[in-house]
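Please keep the sequence and the model in view while reading.

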Amino acid sequence: MTLRDIINKLLRRQPASASTARERLQLVLAHDRSDLSTDILDQMRKEILEVVAKYVEIDMDEGAVSLETEDRMTALVANLPIKRTLNGQIKLIEPDSNPQVNPKETENIGQNSQESFDS
Amino acid sequence: MGTDTRVILICSGKGGVGKTTLTANLGISLARQGLTTAVLDADFGLRNLDLLLGLENRIVYTAQEVLEEECRLDQALVKHKQESNLSLLPAGNPRMLDWLKPDDMKSIVNMLKEQFKYVLIDCPAGVEDGFKNAMAASQEAIVVTNPEVSAVRDADRVIGLLNTNSIKPVQLVLNRVRPKMMASQEMLSIDDVTDILALPLLGLVLEDEQVIVSTNKGEPLTLNSINSPAAKCYLNIAKRLQGEDIPLIDPIEESSGFGAKFRRLMQTKIF
């Protein structure tokens, strides 16, 4: 954020368009570079959520999977809010009924779990 | 010559960002430094390099006749009137696109390598066959872009293709930079573009009305108007290509006085 951005905010003026251009470009390039459609991304989000939901209770509506790009490296970032029990512990699901999880290719996938306190 | 010839693809993805103007001016600038340079118009569909160099009336044969062995290479090469170190190999008929293959481009470039220190290939816009043929014959590349979203996006596509085809180094030229708009943050900054595309910056070219005047006359700026802002930029790019350490100009520095100082202050990053 630059000094101009702050002044624009204080005066409630439209921000200068360069920052809008930068943000829009970063978003569109992340998709261009990955060749993933929003449908596939959505499908992937569901499947990732299902896998994680076998182990901990997560908020199925809140989870977000997005592509982020920096320095020509694109990362898949999954943000999965974990539900907590009343005493603040993470809700674990009994592991004995789990089928073997197939260890698929995990290159470039950063997983970033966020904890939410919505007990 | 032969092995130490540098074959440089000048490409952009998007049309109209200044590939041909850069090719013409780099050709003149390198020739001025005493380096034998060939500029090859690989835009067979919409050729224009001849026009920008003012050589359109002197074309007898083209790359097409060379490939069909109807003439020798030196019969097709058009030597520049003022800069004898510079020669143009004109693009052939647009119908060439029907049969031209990457190997044809390679054989043209191999012939040029025998005689020249630099071969600059003016690439067509797009990422289709015309681009792929030109890329097949190249060793390194200069990607030209403007500080605009569409040009940067298309440049990114091209950079991806260059990387997968092991073209290196790939360097960036940021064209049509408007210092005032950059200062008021209404135009993507130099850092924005180099960060997004993750390429080393070979140079930037300031927006300059004289470019249009020079194309009207068919005399590249670097030929007769070397004091115009864009011409200085082109000359610097040619020197950097040769390995000279020429510092980049700061476009905001270019607009001097109190206004510029104020604009710089406004650009200060707070967090």
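A:Asp32 is partly exposed, its relative accessible area being 21%; here buried means under 20%, exposed over 50% and partly exposed in between (1.4 Å probe, protein chains only). This is a predicted model, in which local features need pLDDT of at least 70, side-chain atom pairs count only at pLDDT 80 or more, and totals for chains, interfaces and linings use all residues. Residues are numbered from 1 along each chain as its sequence is written, chains are lettered from A and ligands numbered from 1 in the order in which they are written, and side-chain values use heavy atoms, without hydrogens and water.

The side chain of A:Asp32 forms a salt bridge with that of B:Arg153 at 2.6 Å, N to O, the criterion being a side-chain nitrogen of Lys or Arg within 4 Å of a carboxyl oxygen of Asp or Glu. Because A:Asp32 belongs to helix H2 (residues 17-34) of chain A and B:Arg153 to helix H7 of chain B, the pair joins two chains. Helices are DSSP runs (H or I, at least four residues), numbered from the N terminus. B:Arg153 is partly exposed at 34% relative accessibility.

Within chain B, B:Lys106 and B:Asp103 also meet in a salt bridge, at 3.8 Å, N to O. They stand three residues apart in helix H5 of chain B, which means a separation of about one helical turn. B:Lys106 is partly exposed at 37%, whereas B:Asp103 is exposed at 56%. Buried residues of H5(B) include B:Met105, B:Ile108 and B:Leu112.

A further salt bridge links the side chains of B:Arg47 and B:Asp50 at 3.6 Å, N to O. B:Arg47 is partly exposed at 33%, while B:Asp50 is buried at 7%.
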